[in-house]
Amino acid sequence: MIHGKHSITIVDHFFLFFIVYLLTGLYVFLKSPRERINQVFFAALLSLSLWTFGFTIAISAGDYESCLFWRRFSALGWGTFFAVLLHFTLLLTEKKELLKQWWIYLFIYFPAVVVVFAFSVSNDLAPILYNLVETEWGWINQAQNSVWDMFHTVYYAGYSLTSMFMIWQWGRQYQEVKKQTHFIIGSYFLIFLIGSLTDII
């Protein structure tokens, strides 16, 4: 059940983002599917697709249980996206020696595994970590500022800022990519800002 004109508009926007992310990811991946950086870029866009698709249905859900299910589904996307983004940044900035170390993947993805387990997989934790409220805009989640919420905030903020710093350093080291790095950092910052504002609002 759609709750009104406001929720229809929000759902439309989320669904549009879902389509754009999915098609962009597929386009880049299919251009050169064996390239590692294309594979990871596709994984990042797939994470965003899961995030927005889950939100699309959760916002307009007909009841609490349906909304909770799709919120937990969306956590597969927003829980993994920032880890995949950092992985992509390491590939983009050519940290080849670092990426040969097995432990770097544990460092990158362990927080994502924790977030997905808590907010999506666990039947004990996930139901109590959401505070879902039905409004004229559709279903929203009022954050409880729990330890898990704070863990996620530190994870996504830390990974986002680390990614931006690495790209800034890369641009300083290689002048020929300096202009591109400004655009990439701007894009990263926009994602970071929108994600933060979405959580706050």
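## Basis of the description

Because the model is predicted, local features need pLDDT of at least 70 and side-chain atom pairs count only at pLDDT 80 or more, while totals for chains, interfaces and linings use all residues. Residues are numbered from 1 along each chain as its sequence is written, and side-chain values use heavy atoms, with hydrogens and water left out.

## Overall make-up

The secondary structure comprises nine helices and two strands, where helices (H or I, at least four residues) and strands (E, at least two) are DSSP runs numbered from the N terminus. Along the sequence these elements follow the pattern α-α-α-α-α-α-α-β-β-α-α.

Of the 201 residues, 42% count as buried, a term for under 20% relative accessible area with a 1.4 Å probe and protein chains only. The protein exposes about 11600 Å², of which carbon and sulfur atoms supply 69%; such areas come from the Shrake-Rupley method with a 1.4 Å probe. Among contacts (heavy atoms within 4.5 Å) between residues at least 6 apart in sequence, 68% join residues at least 24 apart.

## Helices α2 and α3

Two packed helices are described by the angle between their axes and the distance between the axes. Helix α2 (residues 36-59) and helix α3 (residues 64-78) pack at about 165° with their axes 7 Å apart, the axes being lines fitted to C-alpha atoms over the stretch in contact and the angles running from 0 to 180 degrees between N-to-C directions. That angle makes α2 roughly antiparallel to α3, a label given to angles over 145 degrees.

The contact is made by residues of α2 including W51, F53 and F55, and by residues of α3 including W70, R71 and W78. By class, the residues of this contact divide into 11 nonpolar, four polar and one charged, where Ala, Val, Leu, Ile, Met, Phe, Trp, Tyr, Cys and Pro count as nonpolar, Asp, Glu, Lys and Arg as charged, and the others, Gly among them, as polar.

## Helices α4 and α6, and H87

Helix α4 and helix α6 (residues 102-121) pack at an angle of about 155°, with their axes 8 Å apart, and α4 is therefore roughly antiparallel to α6. In this pair A83, V84, L86, H87 and L90 of α4 meet I104, Y105, F107, I108, Y109 and A112 of α6, a contact with 10 nonpolar, one polar and no charged residues.

H87 lies in helix α4 (residues 81-92) and is buried, with a relative accessible area of 3%. Leaving aside residues up to four places away in sequence, H87 touches R36, V40, L99, Y105, I108 and Y109.

How values were computed
Angles under 35 degrees count as roughly parallel, over 145 as roughly antiparallel, 65 to 115 as roughly perpendicular and the rest as oblique. Buried means under 20% relative accessible area, exposed over 50%, partly exposed in between (1.4 Å probe, protein chains only).
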